[in-house]
Amino acid sequence: MPTEIVGTEGELAQRAAEIVCGLVREEPGVALGLASGKTPLGLYAELARRVRARETDLSGITAFAVDELHGLSRQHPATNASYFREHLTRQVPLRAFHLMDSEAKPAEEECARLLRLIEQAGGLALVVLGIGKNGHLGFNEPGSPLDSRCRRVCLDRPTRETYAPLFGSLDGVPAFGLTLGLADLLGARAVLLLATGADKAEMVAQALEGPVAEAVPASALQRHPRLTVLLDREAGARLRHAQGAS
Ligand code: GLP
């Protein structure tokens, strides 16, 4: 499992963009799974820069958001619909971008629709993930089974706390999310995990060097044969085995 400690957030964004663009150069029509959150913002900005500079062409790819809040308006600024419009699709023309619908009823049909679309797109060639402070992947919270599929989940308090500023209070944060399951994420042909900052260091170490356990959903990634991990110095500080900047 290649784990690279790349130094700064900026270097991490560059390296992640190289990996994504390298894949797309080889297979221009692939499907990608993409996480939201603060961590991949530098990657999306770098992809937008490369597209503007005509250094890369992403117009053949089909992208999927890996999760979404559930039970609030699609227009709400906290949805992934708003996030990806602002940080990716406004600047980067893609063949298609599929989101889970934050207003979907019933959620089961929405999840089945997403899984069908992924299958029709030939499966995910690469999924780009961040890690939650509680070890979640997408919205697969601690306790998620390794064989879980796309579904509606109850959000843990630490996850809801990170959203509280966008809702004015913890009470305003939706209680539920929609997420690709751990089996869907591990079903991607390659996985790129990104983490930055000291507050992720302990979870990164548990996920990559601790036992594979439902209590730490990101530990499931150890089972993936093509996992690349990119960390900045702070996020990699608790690892015993890693390569790159020290
Ligand atoms: C969020 C998202 C995840 C994301 C994670 C980390 O709740 N559901 O897809 O990877 O938490 O977010 P951040 O990068 O802001 O730390």
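**Note on the pockets, the cavity and the ligand**

1. The second largest pocket has a volume of about 210 Å³, and of the 13 residues that line this pocket, Ile19, Leu23, Leu126, Ala190 and Arg226 are the closest to its centre. Helix H1 (9–26), strand S6 (124–129) and strand S9 (191–195) are the elements that give two or more residues to this lining, and H1 gives the most, with four residues. Helices (H or I, at least four residues) and strands (E, at least two) are DSSP runs, numbered from the N terminus.

2. This is a predicted model, in which local features need pLDDT of at least 70 and side-chain atom pairs count only at pLDDT 80 or more, while totals for chains, interfaces and linings use all residues. Residues are numbered from 1 along each chain as its sequence is written, and side-chain values use heavy atoms, with hydrogens and water left out.

3. On a 1 Å grid over the protein atoms alone, a cavity is a set of points where a 1.4 Å probe fits but cannot get out, whereas a pocket is an open set with protein on both sides within 12 Å along at least five of seven lines; lining residues have an atom within 4 Å of a point. Grid points are joined across faces, edges and corners, and a volume is the space filled by probe spheres set on the points.

4. The largest pocket has a volume of about 940 Å³ and is lined by 34 residues, of which Ser36, Gly37, Lys38, Thr162 and Tyr163 lie nearest its centre. Helix H3 (80–89) and helix H5 (157–167) each supply at least two residues of this lining.

5. The ligand is surrounded by 13 residues (a heavy atom within 4 Å), the closest being Lys38, Thr39, Asp67, His136 and Lys200.

6. Among the polar contacts (pairs of N or O atoms within 3.5 Å), an oxygen atom of the ligand is 2.7 Å from a polar backbone atom of Lys38, and a nitrogen atom of the ligand lies 2.7 Å from a polar side-chain atom of Asp67. A polar backbone atom of Gly138 is 3.3 Å from a nitrogen atom of the ligand.

7. The structure holds one cavity of 30 Å³ or more, and the largest cavity has a volume of about 70 Å³. Its lining includes Val20, Leu32, Tyr44 and Ala63, and strand S2 (31–34) and helix H2 (41–52) are the elements that give two or more residues to it.

Notes
Polar contact = N/O pair within 3.5 Å; in protein donor to acceptor, adjacent residues only side chain to side chain.
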